[in-house]
Amino acid sequence: MNVFHVFALHAIRSLAGTEKNKLHTSKTSLKGPKTPAIIKNDDVADDDVESFCDKMTSCRWVIGYMCCAARFSQSAIRQCIGMAVVCMMVRTAEKTTTKPTVESFLPVSQLQETVAGQNVSFNGTVAHNVSTGMKIGDLEWTPGFEGLILNAYNIGFFFSPIIGGHIAGRFGGKRVVLVALLAGSIVTICLPLAANFNYIFIIVLRILAGVFLGVVDPAIQALWARWAPKHEKAQLTTCSYSGLSLAGIVTFYISGKLCGVNNNHGWPLIFYFFGGFAFFCSIPWIFLVYDSPEQHPRILDYELNLIAKEKDPSEGSKAENTIYARCFCPQTVKTPWKSMLTSGPFWAIAVAHITYTWVTSWMMSYLPMYLSDVMKFNVEEDGLYSSLPYVGRLLSGFVCSYLSDKLQHSGVLSTGSCRKLFQLVGCLGCAACALAVGFLDHTSRGVAVALLVLAMSFQNVTSLAFRINHLDIAPRFAGVMMGITVTGAMGVALSGPPITEAIIKNDTQEEWLIVFIIVASLNIVGGVVFCIFSSGEVQDWALPQSCDIVITVCDVDTLGPSTSHDSTSHDRTHEIEKTLEEELGTSL
């Protein structure tokens with residue numbers, strides 16, 4: 001008798017011994033098996049009996065809110081550098097193309113000693129070169145070094161998602177996200193202090209922030225692989241990833257306000273504020289988030305049953321009196337690397353993720369600069385209008401996620417068709433709006449802002465396609481797959497700042513048009529490739545194996561009535577064991 005048969009026998013005996021409509025579970029242990037869950041189908045709640053209030057306050061939605069807060073912290077720390085650089089760097093009358101020297105990395109206190117004896121005068125924190133009239137202030141660097149600062153987070157982010165996805169798959173996403181939030185907050189809060197010693201530390205700490213926070217996406221995906229019912233995948237993932245849109249709204253707006261503070265141009269407050277938020281976000285995370293429904297100490301039976309029902313691969317053939325015995329093997333499931341990396345649907349997700357991330361990363365880094373240099377907004381206006389596109393992202397995400405789940409739940413569209421529809425609409429809409437923006441100058445800046453809002457709104461619609469598709473084609477390996485696609489996407493996104501710096505020389509509308517053409521082209525590629533190669537079905541290589549299965553015990557009625565009213569629980573157990581032996585084709 002192998003370990004699978006032991007778990008099956010345990011499930012059957014629990015079934016025959018209780019014959020109740022309760023879900024029996026035990027605490028999860030990494031060293032031993034979980035007691036199988038016995039679920040009777042007529043005890044399973046669905047969205048017809050679950051009230052809106054119960055749904056929004058359920059354990060799975062509370063986890064969605066916490067994932068939103070974690071994603072907000074991750075994205076705010078990533079995005080704040082775009083606005084902070086505008087405030088940190090004292091703009092010169094002419095852009096210099098010289099390479100950064102050791103002196104260009106030093107703050108004013110050390111720069112005074114470096115330029116002693118030269119024709120330079122200092123006024124507070126800003127220095128002026130008397131002979132040329134150029135400002136060389138307390139945070140002065142070349143465009144090349146500025147691009148490195150904007151790219152540093154992405155460099156660090158590149159190295160950690162695969163590792164984070166693997167760890168989350170083995171030990172759960174809760175611990176991974178918790179460590180990421182704590183470490184990311186600390187390095188962000190320390191950045192202003194470190195910058196006073198040497199500008200190189202800005203690069204180092206931004207890289208570390210990227211390394212720590214790069215594990216958040218795959219860890220959240222691993223959580224949803226265990227928590228998200230099929231009919232709520234789009235809504236729950238949208239809730240968690242709406243943190244990105246909220247961060248775009250709040251980060252640019254608050255950063256613009258903080259830049260107006262007359263204390264080092266207010267930029268240190270940006271890092272203190274968002275780093276502090278990430279730190280305090282980790283406290284409720286400890287008490288409200290659990291790796292699986294079975295581990296949650298406060299989850300109600302109806303919600304646990306609803307999640308279990310939606311995960312069952314044979315749910316389409318359920319009868320009212322069917323009883324389900326679930327058995328989970330404690331052994332680690334091996335990732336089918338070869339099958340995964342040669343799968344067309346996997347590469348469809350990868351290409352879509354790459355194009356999405358390039359566009360998003362570019363918007364985060366260069367939208368404030370574009371509005372400042374081309375559309376001629378001042379600092380506070382820049383912060384306000386840079387946040388508006390993320391308002392559109394937030395609204396489109398919630399509206400379309402509800403529509404997506406409804407289309408699937410009502411049977412209007414299959415999962416695959418629904419994913420392809422939203423990917424194509426989002427990509428083509430974003431491409432059209434981005435291309436139109438490139439032809440506008442500051443005399444049409446109101447129209448430009450409106451088009452940018454529409455572009456980002458359309459782009460977020462694709463999150464209901466490729467970003468959820470991991471859970472569709474390989475739910476058991478969703479965290480690992482997310483880690484791989486995020487890593488590839490961030491690796492390609494690293495090309496954004498160098499490409500932009502190579503094109504943008506004089507901040508002209510014609511130069512920015514070239515970049516917007518690139519943005520539009522990438523959107524089209526992501527939409528077409530995904531529509532051709534994606535799938536909405538679980539792939540063969542991702543199906544449960546003999547040691548990672550769900551057992552469906554036949555309908556109780558098919559076993560026939562007991563031989564007498566006085567039959568014992570032992571007799572009932574024997575009947576069910578015999579039937580299961582016939583289905584398994586082996587002896588228990």
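Colleague: Which residue forms a salt bridge with R175?

Modeller: Side chains of opposite charge can pair when their charged atoms come close. In this predicted model, the partner of R175 is D291, with the closest N and O atoms 3.7 Å apart. The two belong to distant parts of the chain, 116 residues apart: R175 is in helix α7, and D291 is in the loop between α11 and α12. R175 counts as partly exposed because its relative accessibility is 49%, whereas D291 is buried, with a relative accessible area of 6%.

Colleague: How many salt bridges does the count give?

Modeller: The count comes to 7 salt bridges. One of them joins R60 to E232, whose closest N and O atoms lie 2.6 Å apart. This pair spans 172 residues, from helix α3 to the loop between α9 and α10. R60 is buried at 0% relative accessible area, and E232 also counts as buried at 0%.

Colleague: Where do D472 and K233 lie, and are they buried or exposed?

Modeller: D472 is in helix α18 and K233 in helix α10, 239 residues apart. Both are buried, and their side chains meet in a salt bridge of 3.3 Å, N to O. Shared partners also join K55, R60, E232 and E303 into one network of salt bridges.

Colleague: Which residues of helix α6 are buried, and why do they line one face?

Modeller: An α-helix has 3.6 residues a turn, so residues three or four places apart point the same way. In α6, the buried residues are P161, G164, G165 and A168. Seen down the axis of α6, they fall within an arc of 100 degrees, so they line one face of the helix. These buried residues pack against α5, α7, α9 and α19.

Key
Residues numbered from 1 in each chain as written. Predicted model: local features only at pLDDT ≥ 70, side-chain atom pairs only at ≥ 80, totals over all residues. Heavy atoms only, no water. Buried < 20%, exposed > 50% of the residue type's maximum accessible area, 1.4 Å probe, protein only. Helix = DSSP H or I, 4+ residues; strand = E, 2+ residues; numbered from the N terminus. Arc of directions from axis to C-beta. Contact = heavy atoms within 4.5 Å. Salt bridge = Lys/Arg side-chain N within 4 Å of Asp/Glu carboxyl O.
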